[in-house]
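Biologist: Could you walk me through this one? I'd like to start with the strands and then move on to other parts.
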Amino acid sequence: MTQTPIDVAIVGGGIMGASLAWELARRGTGRVALFERGAIASGSSGRTGALLRRHYSNESEAMLAQTGWETYAHWPEIVGGDPVHTPSGLIATVDTGPGREANAEKLRANVAMQNRVGIPSRVVDRDELRKLQPFAQWDDVALAAYEPDSGYVDAVAATRSMAQAARRAGAAIQEGMPVLGVTVEGDRVSGVRTAEGVVPAATIVVAAGPWANRALAGSGVTLPIETLRVQIAILHRPLELEEPHFVYLDTVAGIFCRPYGPGRTLIGVSGGDQHDPVDPDVYLEQNDPGYGALAIAAIARRIPAMRGAVQIGGHAGLYDMSPDAHPLIGSMGPEGLFVMTGFSGAGFKKGPAVGRAMAELLLDGAPSFVDLAPFRPDRVFAPDYDPRTPWSATEYDLGSDFGHGL
Ligand SMILES: Cc1cc2nc3c(=O)[nH]c(=O)nc-3n(C[C@H](O)[C@H](O)[C@H](O)COP(=O)(O)OP(=O)(O)OC[C@H]3O[C@@H](n4cnc5c(N)ncnc54)[C@H](O)[C@@H]3O)c2cc1C
């Protein structure tokens with residue numbers, strides 16, 4: 001079947017693909033089509049925690065997190081539709097105990113860096129933590145970063161709303177349309193292969209998360225993405241914890257958590273045994289038996305009354321891990337091919353910013369608000385590439401993390 005040529009083909013309808021489709025369409029970019037193999041937000045963007053931390057130890061990602069936050073926090077004015085963000089307040093903890101004293105200075109420096117890029121954040125000590133969240137125990141935390149207007153997002157609502165906005169602006173959004181690979185003529189991409197034939201496309205952006213390599217078939221590019229299964233549980237809080245807690249990105253207690261509707265908490269537990277490599281098409285999408293009990297024990301370490309919590313839901317999702325746990329954003333392989341993947345369990349907050357950066361790269365030659373150079377995908381193939389190389393002098397030494405650092 002002969003297909004109408006398009007200017008930009010986007011593969012994947014998660015927050016990355018949807019944000020790029022909207023940014024391109026609203027700038028009047030020719031024919032933009034997004035191909036989603038299932039339904040919008042049926043990948044990681046529909047299974048995420050969607051905590052919107054802006055605490056990073058490198059400026060490039062802090063900038064992406066800040067720019068993403070601006071869109072989420074002002075959604076009705078910028079994207080249209082209902083609000084998606086709840087500014088609950090956020091605390092990020094790091095171990096500053098024996099052997100890790102250097103993390104205290106790094107925390108101060110990172111908060112100062114955040115302030116420089118426009119993120120309201122401050123260092124708080126144990127006394128202030130006790131005042132901010134009196135129902136939690138903070139004996140094991142000396143210092144933390146406090147972001148008063150950070151919070152969390154309804155991820156499915158936001159991703160769908162973004163796709164609807166893209167459609168209103170003129171992008172074609174095609175659900176139930178897997179891309180089987182990429183066609184190349186000479187040194188350029190020429191189209192995407194679908195079950196209905198090849199759709200000619202001058203530019204292809206693969207935003208297919210853990211499935212990126214399958215969409216890249218035929219391009220000659222294979223990215224070192226590992227797929228990890230990660231779980232989150234939904235807990236019903238006991239009545240004495242009626243007041244919602246802040247978002248905690250708590251590397252000391254080894255948990256990330258946020259409120260999840262009235263009286264409920266979403267929680268993930270850190271640690272290698274919670275992060276299993278899997279085939280993205282064949283993995284257990286439910287919680288392991290016992291995950292709820294593990295999550296309750298972990299959060300009760302921070303909020304003792306959560307011993308009385310009850311699990312009422314939960315699931316497993318996928319992290320698309322790059323070797324260094326930082327994203328791969330930019331051109332790769334034949335002319336006209338771009339990727340946005342490898343978000344390593346920390347991409348949702350950055351989605352609108354990455355969409356804007358990629359749109360500006362395609363239309364203007366470079367993004368106006370962030371330098372994408374650190375994220376260039378071909379870094380992982382450089383002969384001197386060492387994934388353990390820190391991304392800044394203020395990168396933390398953490399005992400537990402969430403597959404990614406801070
Ligand atoms: C349990 C969990 C907790 C998380 N918590 C947080 C958090 O608190 N904060 C945060 O910022 N991030 C978090 N993340 C990470 C975040 O969810 C992801 O980084 C983000 O959603 C990635 O978006 P994406 O658009 O790149 O990928 P996805 O949402 O996975 O989208 C990719 C899409 O591509 C489609 N697709 C795949 N192959 C093809 C093909 N061949 N053709 C067409 N379509 C295709 C898929 O169906 C999918 O819809 C978490 C992730 C998980 C799993």
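Modeller: A residue counts as buried here when its relative accessible area is under 20%, and please keep in mind that this is a predicted model.

Biologist: OK, so how many residues of strand β6 are buried?

Modeller: Strand β6, which covers residues 143-147, has 5 of its 5 residues buried. Leu 143, Ala 145 and Glu 147 lie on one side, with Ala 144 and Tyr 146 on the other, and both faces are covered.

Biologist: Which strand pairs with β6 over 4 bridges, and in what sense?

Modeller: Strand β4 (residues 90-93) pairs with β6 in the antiparallel sense over 4 bridges, and there Ala 92 stands opposite Ala 145. Strand β5 (residues 122-125) is also joined to β6 by 4 bridges and runs antiparallel to it, with Val 123 standing opposite Ala 145.

Biologist: Switching to helix α9, how far apart are its end C-alpha atoms?

Modeller: They are 19 Å apart, which agrees with the 20 Å that the 14 residues of α9 (residues 351-364) should span at 1.5 Å a residue. Just after α9, Gly 365 takes a positive phi of about 95°.

Biologist: And what covers the buried residues of α9?

Modeller: The buried residues of α9 include Pro 352, Val 354 and Met 358, and the elements covering them include α1 (15-26), α6 (155-169) and β11 (197-206).

Biologist: Last topic, what volume does the second largest pocket have?

Modeller: Its volume is about 390 Å³. Of the 28 residues that line this pocket, the closest to its centre are Asp 324, Ala 325, His 326, Glu 395 and Gly 405, and the lining divides into 12 nonpolar, 9 polar and 7 charged residues.

Technical notes: Residues numbered from 1 in each chain as written. Predicted model: local features only at pLDDT ≥ 70, side-chain atom pairs only at ≥ 80, totals over all residues. Heavy atoms only, no water. 1 Å grid on protein atoms, 1.4 Å probe; cavity = no way out; pocket = protein on both sides within 12 Å on 5 of 7 lines; lining within 4 Å. Points joined across faces, edges and corners; volume = space filled by probe spheres on them. Nonpolar A, V, L, I, M, F, W, Y, C, P; charged D, E, K, R; others polar. Buried < 20%, exposed > 50% of the residue type's maximum accessible area, 1.4 Å probe, protein only. Helix = DSSP H or I, 4+ residues; strand = E, 2+ residues; numbered from the N terminus. Pairing = 2+ DSSP bridges. Expected span 1.5 Å × (residues − 1). Contact = heavy atoms within 4.5 Å.
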